[in-house]
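Student: I'd like to learn how to read a structure that is new to me. Could you walk me through it?

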Amino acid sequence: MAIEQPSTPPGGGGPIELARLIENDPTGIVILNASGRITFCNPAGERILALSRSYAVQRTYNSPEWRIADLDGRPLADSELPFARVLSTGEAVRDVQHAIEHADGRRILLSVSAAPLRSATGTLEGVVAWLQD
């Protein structure tokens, strides 16, 4: 016996529903362009990164202000960061753990998963990252 699938998801689906999902997701969602500049950050991303959205979009994934380190506090090479790994391989990465330290000394431990964003022709146009603290 086949189970009939609904034609639209609960809530109606579509762009408005997707926007609400992204805005209310407890996971930080950050979109970066191919140059590594943040172009979008949801409210959870703002909280995790301790930045307003308007300030977050002025930064790149490797801005010196992040003071990025491994979990033991050693500086992390740019090539080890999720954005750079996705850009160089074209493949998604999962659960890349590192820390960022803010100017006030607060240290935040992150788990980052990231995936390529491709155009209809397959060109890598950017990266979407999911952050958990």
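## Strands, rings and charges

Tutor: Let's begin with strand pairing: β1 and strand β2 (residues 38-41) run antiparallel and are joined by 3 bridges. Keep in mind as we go that this is a predicted model.

Student: Which residue stands opposite F40 in β2?

Tutor: That's I31. The two strands, β1 and β2, form a hairpin, and 4 residues sit between them. Look at the turn and you'll find G36, which has a positive phi of about 95 degrees.

Student: How many bridges pair β1 with strand β6?

Tutor: There are 6 bridges, again in the antiparallel sense. Here β1 covers residues 28-33 and β6 covers residues 124-132. To find your way along this pairing, take G28, whose bridge partner in β6 is L131.

Student: Now the rings. How is a pair of aromatic rings described?

Tutor: You give the distance of the centres and the angle of the planes. Now for the case here: the count comes to 1 aromatic pair. The partners are Y61 and F83, with ring centres 4.4 Å apart and planes at 35 degrees, so we call the pair tilted. The label follows because planes under 30 degrees apart would count as stacked and those over 60 as edge-to-face.

Student: Where do Y61 and F83 lie?

Tutor: Y61 is in the loop between α3 (53-56) and β3 (68-69), while F83 belongs to helix α4 (residues 82-89). The pair therefore ties together parts that are 22 residues apart in sequence.

Student: Is Y61 buried or exposed?

Tutor: Y61 counts as buried, at 18% relative accessibility. The cut-off that matters is 20%, because anything under that is called buried. F83 is buried too, with a relative accessible area of 5%.

Student: Which residue lies over the face of W66?

Tutor: R59 does, at 4.4 Å from the ring centre.

Student: On to the charges. How many salt bridges does a search of the whole structure find?

Tutor: It finds 8 salt bridges. One of them is between the side chains of E23 and R53, at 3.1 Å from N to O. E23 sits in helix α1 (residues 14-24) and R53 in helix α3, so this pair ties together parts that are 30 residues apart in sequence.

Student: What is R53 linked to in a network of salt bridges?

Tutor: The network links R53 with E23 and E46. The side chains of E46 and R53 meet in a salt bridge of 3.6 Å, N to O.

Student: And how accessible are E23, R53 and E46?

Tutor: E23 is partly exposed at 30% relative accessibility. R53 is partly exposed as well, with a relative accessible area of 27%, and E46 is partly exposed with 21%.

Student: Which residue does E101 meet in a salt bridge?

Tutor: Its partner is R67, at 3.5 Å from N to O. E101 lies in strand β4 (residues 93-101) and R67 in the loop between α3 and β3, so the two tie together parts that are 34 residues apart in sequence. E101 counts as partly exposed at 28% relative accessibility, and R67 counts as partly exposed at 42%.

Conventions:
Residues are numbered from 1 along each chain as its sequence is written. This is a predicted model: local features need pLDDT of at least 70, side-chain atom pairs count only at pLDDT 80 or more; totals for chains, interfaces and linings use all residues. Side-chain values use heavy atoms; hydrogens and water are left out. Rings of Phe, Tyr and Trp (its six-membered ring) pair if their centres lie within 6.5 Å; planes under 30 degrees apart count as stacked, over 60 as edge-to-face and the rest as tilted. Buried means under 20% relative accessible area, exposed over 50%, partly exposed in between (1.4 Å probe, protein chains only). A charge sits over a ring if NZ of Lys or CZ of Arg is within 6 Å of the ring centre and within 35 degrees of the ring normal. A salt bridge is a side-chain nitrogen of Lys or Arg within 4 Å of a carboxyl oxygen of Asp or Glu. Two strands pair if DSSP finds at least two bridges between them.
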